[in-house]
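I set out these entries in the order in which I looked things up. Each entry takes one residue, element or site and records what I found there.

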Amino acid sequence: MDLLNTLVDKGLRRELPTREEALAVLATSDDELLDVVAAAGKVRRQWFGRRVKLNYLVNLKSGLCPEDCSYCSQRLGSKAEILKYTWLKPDDASKAAAAGVAGGAKRVCLVASGRGPTDKDVDRVSETISAIKEQNEGVEVCACLGLLSDGQADRLRAAGADAYNHNLNTSEATYGDICTTHDFSDRVSTVQQAQAAGMSACSGLIAGMGESDADLVDVVFALRELDPDSVPVNFLIPFEGTPLAKEWNLTPQRALRILAMVRFVCPDVEVRLAGGREVHLRSLQPLALHLVNSIFLGDYLTSEGQAGKEDLAMIADAGFEVEGTDTTTLPEHRTDASVQPAPEPAADAAVPAPPSEETRRDLVSVRRRGAGTELPPNA
Ligand code: SF4
């Protein structure tokens, strides 16, 4: 297939595909799926070998958010019966993080609901970062606290945060459809503040919210332009009690095509399989390891993931290996400021979203263990 040969060549050269090529990946048929996975897998192996980086989420503050992001179970007005609690104490957060590290996680992601942190919240999180770093040698810490105000990125960096996550989520054109309390440019600005403060930027998307293929390509191209070091790809978990509860738009095959498209557009970036993998990829999860080089271990913020031990077994069975703390995740050239990304191509083409998939509420389980509970975590 000429398309796939072209995309592999470009991926190996870190050259940006055209929008038409990215759209064409999303439009491939199920008959072509294994060829698409094999092609994107070549690009993945060129830059990351067979390594899989494990990341572990600690939800520092759950629910009760004043923002209205419609995909989120923690949003204003959410009726989802999730755990709700305020800031975990630094020691408790550190204990939760240690469980993830013991399970093989190399990065701990400290997440808090809310529009953005107050300066007092930044103090709190700084203490938590110190506690985690003292107790877990070599661990990377990423903070995800919402929109940042002036000076907060510098303070988090000074406190030892290695990375900051803030997702773009969807295309600029459709951002107003999923959230009215902040906009796309607020999100871009926070990612840029994190980069300016010297933190590794992590920014990704959520697929399956009813967006078109053109929207998906738009957000991935916007991410490529922002140039984060890691791109988490979430698949919408349609929580009952949220406005998007009926958006069951993904098949395992479509989820794989989306991951392949992200890999072709962001060939040398840590592409992370994030929330919703169990719900939407289901038994095809191991194929996704040929596309991504990073996953979350265990549970998510407000929903449960597959058992950490099953994640490790899946990685081993598929012939991949967990990345150790002695290995640098990103290829060497990504730390070389003189290397510039390939130029932006022109043109666009709208392709309609596929028909809805069957509703599978049985696959969504609200988190009832780990951080904020008396029960042991899943790691
Ligand atoms: S700001 Fe964050 S926690 Fe709040 S509704 Fe949006 S995604 Fe959810």
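This is a predicted model: local features need pLDDT of at least 70, side-chain atom pairs count only at pLDDT 80 or more; totals for chains, interfaces and linings use all residues.

**Entry 1: Leu64.** I located Leu64 in the loop between S1 and H4. I then read its backbone: phi is positive, about 60°, although Leu64 is not a glycine. Most residues other than glycine have a negative phi.

**Entry 2: Arg282.** I looked up a further positive phi at a residue that is not a glycine, and recorded about 50° for Arg282. Arg282 sits in the loop between helix H11 (277–280) and helix H12 (285–288). I counted Arg282 as partly exposed because it has 13 C-beta neighbours inside 10 Å.

Entry 3: I consulted UniProt, where an unreviewed entry lists Cys65, Cys69 and Cys72 under "binding site". I placed Cys69 in the loop between strand S1 (51–61) and helix H4 (90–102), and Cys72 in the loop between S1 and H4. Cys69 counts as buried because 22 C-beta neighbours lie inside 10 Å. Cys72 is buried too, with 26 such neighbours. Setting aside neighbours within four places in sequence, I found Cys69 in contact with Arg75, Ile178 and Cys179.

**Entry 4: the ligand shell.** Which residues surround the ligand? I listed Cys65, Glu67, Cys69, Cys72, Gln74, Arg75, Ser113, Arg115 and Gly146. Sorted by class, the shell has three nonpolar, three polar and three charged residues.

**Entry 5: Leu244.** I turned to Leu244, in the loop between strand S7 (230–235) and H10. Leu244 is buried, since 21 other C-beta atoms lie within 10 Å. I recorded its separation from Ser73 as 171 residues in sequence and 9.7 Å in space, C-alpha to C-alpha. Beyond four places in sequence, the contacts of Leu244 are Ser70, Tyr71, Met209, Leu236 and Pro238.

**Entry 6: helix H4.** I checked the length of H4 against expectation. The 13 residues of H4 should span 18 Å at 1.5 Å a residue, and the end C-alpha atoms are 18 Å apart, so the two values agree. The buried residues of H4 are Ala93, Ser94, Ala96, Ala97, Ala98, Ala99, Gly100 and Val101. I asked what these buried residues pack against. Their partners are S1, strand S2 (107–112) and helix H5 (119–135). After H4 comes Gly104, with a positive phi near 115°.

Entry 7: I examined two of them. Cys109 is in strand S2 and is buried, because 26 C-beta neighbours lie inside 10 Å. Its contacts beyond four places in sequence include Asn55, Val58, Cys142 and Cys144. Arg272 belongs to strand S8 (residues 270–273) and is buried with 25 other C-beta atoms within 10 Å. Beyond four places in sequence, Arg272 touches Asn55, Ser230, Val231, Pro232, Val233, Val292, Ser294 and Ile295.

Entry 8: The largest nonpolar core has 108 residues, of which Val58, Leu110, Tyr164, Val220 and Leu259 touch the most other members. The largest share of this core, nine residues, comes from H10. I therefore looked at H10 (residues 252–265) itself: its 14 residues reach 20 Å from first C-alpha to last, close to the 20 Å expected. Of these 14 residues, 12 are buried, among them Leu256, Ile258, Leu259 and Phe264. I also followed Val58, whose contacts beyond four places in sequence include Ala93, Ala96 and Ala97, as well as Leu110 and Ala371.

Methods. Residues are numbered from 1 along each chain as its sequence is written. Helices (H or I, at least four residues) and strands (E, at least two) are DSSP runs, numbered from the N terminus. A residue is buried if 20 or more other C-beta atoms lie within 10 Å of its own, exposed if 12 or fewer, and partly exposed in between; C-beta atoms are placed from the backbone. UniProt positions are given in the numbering used here, feature names are shortened, and annotations may be inferred rather than shown by experiment. Two residues are in contact if their C-beta atoms, placed from the backbone, lie within 7 Å. A nonpolar core is a set of buried Ala, Val, Leu, Ile, Met, Phe, Trp, Tyr and Cys residues joined through C-beta atoms within 7 Å. A residue is near a molecule or strand if its C-beta atom, placed from the backbone, lies within 6 Å of it. Ala, Val, Leu, Ile, Met, Phe, Trp, Tyr, Cys and Pro count as nonpolar, Asp, Glu, Lys and Arg as charged, and the others, Gly among them, as polar.
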